[in-house]
Amino acid sequence: MIKGAIVIDTERCKGCAVCTEACPKQVISISKNVNGKGYNYAEATGIDNCIGCASCAIVCPDGVISVYKAKL
Amino acid sequence: MARELKLMKGNEAIARAMIASGTDGYFGYPITPQSEVMETLMLEKPWETTGMTVLQAESEMASINMVYGGAATGKKVATSSSSPGISLMQEGLTYLAGAEIPCLVVNVMRGGPGLGTIQPSQSDYFQSVKGGGHGDYQLYTLAPASVQEMYDFVFDAWDIAFKYRNPVLILSDGAIGQCMEKLYTRDYVPRWTEEERRKNAPWGTWGKPADRNHNIITSLELDSGRQEIFNLKLQAKYAEMKEKEVRYEALNCEDADYIIVAYGSSSRISMKAMQMAREKGLKVGLFRLITLFPFPTKQLNEVSKKCKGILTVEMSAGQMVEDVRLATECRVKVEHFGRFGGIIPTPTEVLEALENKIIK
Amino acid sequence: MTTADIIKPENLVYTKTKVLTDAVMHYCPGCGHGTAHRIIAEVIEEMGIQDKTIGIAPVGCSVLAYNYFDVDFQEAAHGRAPALATAAKRLNPDRFVFTYQGDGDLAAIGTAETIHACNRGENITMIFINNGIYGMTGGQMAPTTLVGMKSATTPYGRNVALNGYPLRITELIATLPGTRFVTRQSVHTPAAVRKAKTAIRKAFENQKDNKGLSFVEIVSSCNSGWKMTPVQANHWMEENMFPNYPIGDIKVDGKIVEGVDINRLVVDHPLTVVK
């Protein structure tokens with residue numbers, strides 16, 4: 001079984017939400033909190049469903065998402 | 001290799017000097033009266049001998065921007081045009097000055113304004129030294145008065161351009177471009193090797209090796225604080241040019257009661273007028289500018305201390321005359337004489353002007 | 001297996017390429033420029049040509065591109081990048097030269113430089129970001145602004161009688177013999193990004209093999225200029241930009257691709273309003 005995980009640099013995220021739509025597993029949502037620039041940043045609220053496909057990272061205009069994947 | 005004696009047009013001399021001085025690239029566009037520069041380069045096929053690239057572009061705007069793109073990689077790149085074409089290049093020139101890119105631009109002036117005429121003129125003085133483009137910048141400007149100088153100044157241009165990281169303008173005119181005179185050639189200066197290029201242009205965009213940050217060639221600086229500091233640095237550069245790189249020629253000025261100030265073709269005509277005046281017992285000298293920027297302010301001021309009047313001779317409505325008045329602090333009478341529309345004044349006319357406007 | 005166990009260096013499958021600097025990009029949230037920068041930088045990294053690449057930035061939103069690529073870069077005057085690239089490449093034939101321009105830069109003021117660099121078949125890679133608007137200067141009409149599309153200078157919608165037709169510059173240059181590979185891509189979905197990156201890789205490979213000019217248009221959104229959210233803008237782009245600027249390869253190995261209507265220069269798909 002493959003398990004994935006992502007790390008979002010929330011300080012650099014601009015909250016564009018393009019990743020939330022790209023993720024096949026609805027792992028990401030936009031936080032109520034804001035970062036230093038006042039952007040509601042993206043958060044991996046459904047991290048357990050992550051399969052490490054990197055769709056989110058691939059569409060992220062600011063390259064703020066790092067993706068990990070491991071076999072169980 | 002001994003210097004060879006040749007006979008050729010000024011425009012041809014520019015082209016041959018570009019090849020001989022190790023120029024890497026020439027990008028230009030046809031315009032009378034200087035098309036022979038590119039025609040000669042195409043005939044010589046230097047890409048087969050020195051490896052020099054020559055390309056006819058789709059416009060003068062494309063040409064000057066090709067100079068920018070090529071020179072920004074640390075290469076010796078040149079273009080040439082004539083007045084209307086140089087007007088089209090003004091944006092490129094201020095970008096080149098703003099990005100501190102060494103390069104060579106040759107303007108073989110023709111009569112203006114507008115489409116004007118194809119005959120010689122010197123009415124681009126202001127455009128050349130007072131900034132034809134926007135912003136505070138200067139082009140090191142050399143004014144050849146002979147086919148030999150058209151040749152030699154190309155070599156000199158490269159030294160100044162890379163020493164100061166600044167565009168150099170050779171400001172000639174249709175007469176010098178089109179007339180044939182003898183000249184002595186100079187030994188071939190090989191194009192730079194890769195190592196020489198990296199040493200002479202460490203700032204160039206030739207591909208970022210691991211051991212340095214990436215180079216950026218730009219004239220953009222949105223931070224006003226930094227842009228002011230950059231402008232002050234440019235002004236210091238121009239001040240240094242004024243201090244160390246002024247070139248001029250003073251003939252018979254020591255005992256002169258009256259001095260003619262001129263450059264390029266006008267200085268050749270004025271030399272004859274000076275001789276005619278001397279034969280009439282008039283003590284006349286000739287102060288010939290070779291660099292228009294930096295202007296020989298101190299030198300002209302010095303030489304004119306003892307004289308009673310100055311006549312400037314320019315094929316224009318009088319542009320350099322203003323700088324002569326400033327340089328001599330209006331201590332003496334300074335008047336202008338010139339013809340327009342491509343008409344070249346005669347020595348007799350110059351002498352008459354000297355007598356009517358200055359001596360009487 | 002907790003998340004913490006997964007987040008380990010050995011499990012890393014994707015992260016920002018080192019060919020991009022650490023500078024935070026000034027682009028608006030969701031702007032295609034950032035994504036386009038990233039995949040170009042990834043191609044440069046994967047081909048191992050960071051020390052041989054020269055980039056040329058335009059005037060427009062991506063005027064500061066040179067701060068984001070850890071690659072030697074030149075800043076061109078508005079529209080002149082193809083001219084700079086022509087000389088940079090001809091004087092340094094063993095380097096990789098690419099231009100990066102917006103629609104105003106490439107298809108308005110730079111039209112002549114674009115057409116002539118393509119017609120000469122310069123051995124360079126041209127990247128063209130088409131978002132149908134002038135972003136940097138505040139959302140004015142661009143050559144590719146669609147008929148009926150509002151902008152700061154077409155507040156009532158672009159009107160053909162007043163502003164002429166949207167320009168399909170990419171079809172135009174595809175007809176020039178000098179162009180080798182001409183394609184139109186987008187970067188708003190994972191699949192689209194992968195295809196766009198493949199196209200960019202092909203463009204750089206063409207350059208490596210001296211095959212002439214490769215031209216990659218990336219249709220992108222401009223949510224600030226279009227006054228939508230990034231996600232809405234991507235949907236609006238699919239419904240309006242794509243029908244007028246069809247995605248896909250237009251010319252491959254110097255030949256127009258089967259089924260591409262190269263002569264359809266009139267942009268005539270009516271606009272929809274995003275939900």
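Predicted model: local features only at pLDDT ≥ 70, side-chain atom pairs only at ≥ 80, totals over all residues.
Visitor: Which chains share the most contacts?
Guide: Chains B and C do, of the 2 pairs of chains in contact.

Visitor: How far apart are the nearest C-alpha atoms of chain A and chain B?
Guide: They are 20 Å apart. Chain A and chain B do not touch.

Visitor: Back to B and C. How many residues does each put into the contact?
Guide: Chain C gives 33 residues and chain B gives 37.

Visitor: And what area do chain C and chain B bury between them?
Guide: About 2,700 Å². Carbon and sulfur atoms account for 57% of that.

Visitor: Now chains A and C. How many residues does the contact take from each?
Guide: It takes 35 residues from chain A and 34 from chain C. The buried area is about 2,600 Å², with 63% from carbon and sulfur atoms.

Visitor: Which residues of chain A supply 24% of the area it buries against chain C?
Guide: Arg12(A), Ile58(A) and Tyr68(A).

Visitor: What is the salt-bridge count between chain A and chain C?
Guide: The count is 0.

Visitor: How many salt bridges over all chains?
Guide: The structure holds 46. One within chain A joins the side chains of Asp62(A) and Lys14(A), 3.0 Å from N to O.

Visitor: Where in the chain are Asp62(A) and Lys14(A)?
Guide: In distant parts, 48 residues apart. Asp62(A) is in the loop between α2 (55-59) and β4 (65-71) of chain A. Lys14(A) is in the loop between β1 (2-8) and α1 (18-22) of chain A.

Visitor: Let's switch to helices. At what angle do α1 and α7 of chain B cross?
Guide: Roughly 25°. Helix α1 covers residues 10-20 and helix α7 covers residues 147-164, and their axes come within 8 Å.

Visitor: Parallel or antiparallel?
Guide: α1(B) and α7(B) are roughly parallel to each other, because an angle under 35 degrees counts that way. Their crossing is right-handed.

Visitor: Which residues make the contact?
Guide: From α1(B), they include Ile14(B), Ala17(B) and Met18(B). From α7(B), they include Met150(B), Tyr151(B) and Phe155(B). By class, the contact has 10 nonpolar, 2 polar and 1 charged residues.

Visitor: What about α11 and α14 of chain B? At what angle do they pack?
Guide: At about 60°, with the axes 8 Å apart. Helix α11 spans residues 264-279 and helix α14 spans residues 347-359. That angle makes α11(B) oblique to α14(B). α11(B) passes α14(B) in a right-handed crossing.

Visitor: Which residues of α11(B) and α14(B) meet?
Guide: On α11(B), Ile269(B), Lys272(B) and Met276(B) are among them. On α14(B), Pro347(B), Val350(B) and Leu351(B) are among them. The contact divides into 7 nonpolar, 2 polar and 1 charged residues.

Visitor: Over to chain C. How do the axes of α2 and α8 cross?
Guide: At roughly 45°, and they come within 9 Å. Helix α2 is residues 32-47 of chain C and helix α8 is residues 190-208. So α2(C) is oblique to α8(C). The crossing is right-handed.

Visitor: How many charged residues are in the contact of α2(C) with α8(C)?
Guide: It has 7 charged residues, with 9 nonpolar and 1 polar. The residues that meet include Arg38(C) and Glu42(C) of α2(C), and Lys197(C) and Glu205(C) of α8(C).

Visitor: Last topic, the backbone. Which peptide bond is cis with omega near -10°?
Guide: The one from Gly112(B) to Pro113(B). Pro113(B) is in the loop between β5 (103-109) and α6 (125-129) of chain B. The bond from Phe293(B) to Pro294(B) is also cis, with omega near -5°. Pro294(B) lies in the loop between β13 (291-293) and α12 (297-303) of chain B.

Visitor: Is phi of Glu100(B) positive or negative?
Guide: Positive, near 50°, in a residue other than glycine. Glu100(B) is in the loop between α5 (90-98) and β5 of chain B.

Terms used
Residues numbered from 1 in each chain as written. Chains lettered and ligands numbered in written order. Heavy atoms only, no water. Axes fitted to C-alpha atoms, helices over the stretch in contact; angles between N-to-C directions. Helix = DSSP H or I, 4+ residues; strand = E, 2+ residues; numbered from the N terminus. Parallel < 35°, antiparallel > 145°, perpendicular 65-115°, else oblique. Left-handed = near helix turned anticlockwise from the far one by under 90°. Contact = heavy atoms within 4.5 Å. Nonpolar A, V, L, I, M, F, W, Y, C, P; charged D, E, K, R; others polar. Buried area = accessible area lost by both parts, 1.4 Å probe. Salt bridge = Lys/Arg side-chain N within 4 Å of Asp/Glu carboxyl O.
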